[in-house]
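The sequence and structure are shown first.

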Amino acid sequence: MLNYRQLHYFWVVAKTGSIVRACEQLNLTPQTISGQISLFEQTYNIKLFRRVGRQLELTEAGRQTLPYAEHMFQLGGELELMLRAQPNEQQTLFRVGVADVVPKSIVYRLLAPTMELTEPLRITCREDKLERLLADLAIQRLDLVISDSPMPSHLDIKGFSQKLGECGISFFATAALADRHGRDFPHGLHDAPLLIPGPETVIRSRLQRWFAEQQIQPRIVGEFDDSALMQAFGQSGSGIFIGPSVIAEEVKRQYGVQVIGQTDAVSESFYAISVERKVSHPGIVAIAEGARRELFSV
């Protein structure tokens, strides 16, 4: 069986570049480290290092071994962090993945009801691309994924989508941009500088169809997968940007912008994706009930 302690000594020496520095990091003697690495080499009849002057260099066997060691001890570090972060017996862990296209204010308002449950939850929240989040959901590293689209049909992953709600969109602008382009909505948007969601978002194609129907052609100056980054550019006056109408007042207060128009002809939808058809996790139940009762009218 592979001796992980010996492999760890090899990995630290390879990372630090010398046995002396490895000794300082591991708080061991040079004899211990070099002796254990020698035993490892003897076991597999290989050489992991060669000495060039006063320096150690990896041999071909050492170069091939290093990536495996890197991956193994990186996973070990993640495992240790996970074990140390385990909730106490009175808490239920609730692991939520959020697609990076979902506005942060929507995420907060969806998750807020879980903080008021009588049964305490410990929430971990991770943002990423939808497909990577769904892969983690499939292997039960996540309990829930919040997205702007239902479970994609082309993915061979077992998952069930629950629509949380939908709403129209509002157009936001700084006072200066509102003075120039805020009149005669939506036609005032023609040739106006516009910040739009990236091509991976569902709202992007709906927005473009609506512009074509209205015979409007804004001047696109930026595309963003991350809604928070788009809003930051909008706050600086770089362009007009969109957001869900249900959080319009929040966006106005947070970014110091104005609403120059609103339409329900272009809507954003939000979904909770889980591996259970009949949801039982108290956190997911609270999100679904809170969304329908307070945030959206479905």
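A residue is called buried when its relative accessible area is under 20%, exposed when it is over 50%, and partly exposed in between, with a 1.4 Å probe and protein chains only as cover. The model is predicted, so local features need pLDDT of at least 70 and side-chain atom pairs count only at pLDDT 80 or more, whereas totals for chains, interfaces and linings use all residues. Residues are numbered from 1 along each chain as its sequence is written, and side-chain values use heavy atoms, with hydrogens and water left out.

**Aromatic pairs**

Rings of Phe, Tyr and Trp (for Trp, the six-membered ring) are paired if their centres lie within 6.5 Å; planes under 30 degrees apart count as stacked, over 60 as edge-to-face and the rest as tilted. The structure holds ten aromatic pairs. In one of them, the ring centres of F10 and F49 are 5.5 Å apart and the planes stand at 50 degrees, so this pair is tilted. Because F10 belongs to helix α1 (residues 4-16) and F49 to strand β1 (residues 49-52), the pair ties together parts that are 39 residues apart in sequence. Helices (H or I, at least four residues) and strands (E, at least two) are DSSP runs, numbered from the N terminus. F10 and F49 are both buried.

W210 and F211 also form a tilted pair, because their ring centres are 5.7 Å apart and their planes are at 45 degrees. W210 counts as buried because its relative accessibility is 6%; F211, at 7%, counts as buried too. Together with F171 and F185, these two residues form one aromatic cluster.

**Salt bridges**

A salt bridge is a side-chain nitrogen of Lys or Arg within 4 Å of a carboxyl oxygen of Asp or Glu. A search of the whole structure finds 18 salt bridges, including those tabulated here.

| Pair | N to O distance |
|---|---|
| K15 and E70 | 3.1 Å |
| K129 and D225 | 3.0 Å |
| D191 and R219 | 3.9 Å |

The bridge between K15 and E70 links distant parts of the chain, with K15 in helix α1 and E70 in helix α4, 55 residues apart. E70 is partly exposed at 27% relative accessibility.

In the bridge between K129 and D225, K129 lies in the loop between β4 (121-128) and α6 (130-138) and D225 in the loop between β8 (219-224) and α9 (227-235), so the pair ties together parts that are 96 residues apart in sequence. K129 is partly exposed at 23%, as is D225 at 27%.

For the bridge between D191 and R219, D191 is in the loop between α7 (175-181) and β7 (193-197) and R219 is in strand β8, so parts 28 residues apart in sequence are tied together. D191 is partly exposed at 46% relative accessibility, and R219 at 41%. Salt bridges that share partners also join R126, D128, R132, D136 and R141 into one network.

**Annotated region and H8**

UniProt, in an unreviewed entry, places the feature "domain: HTH lysR-type" at residues 2-59; its positions are given in the numbering used here, feature names are shortened, and annotations may be inferred rather than shown by experiment. Over residues 2-59 the chain is 62% helix and 14% strand, and the end C-alpha atoms are 20 Å apart.

H8 is found in helix α1 and is partly exposed, with a relative accessible area of 24%. Not counting residues up to four places away in sequence, H8 touches L26 and F73, where contact means heavy atoms within 4.5 Å. H8 and F73 are 65 residues apart in sequence, and their C-alpha atoms are 7.8 Å apart.
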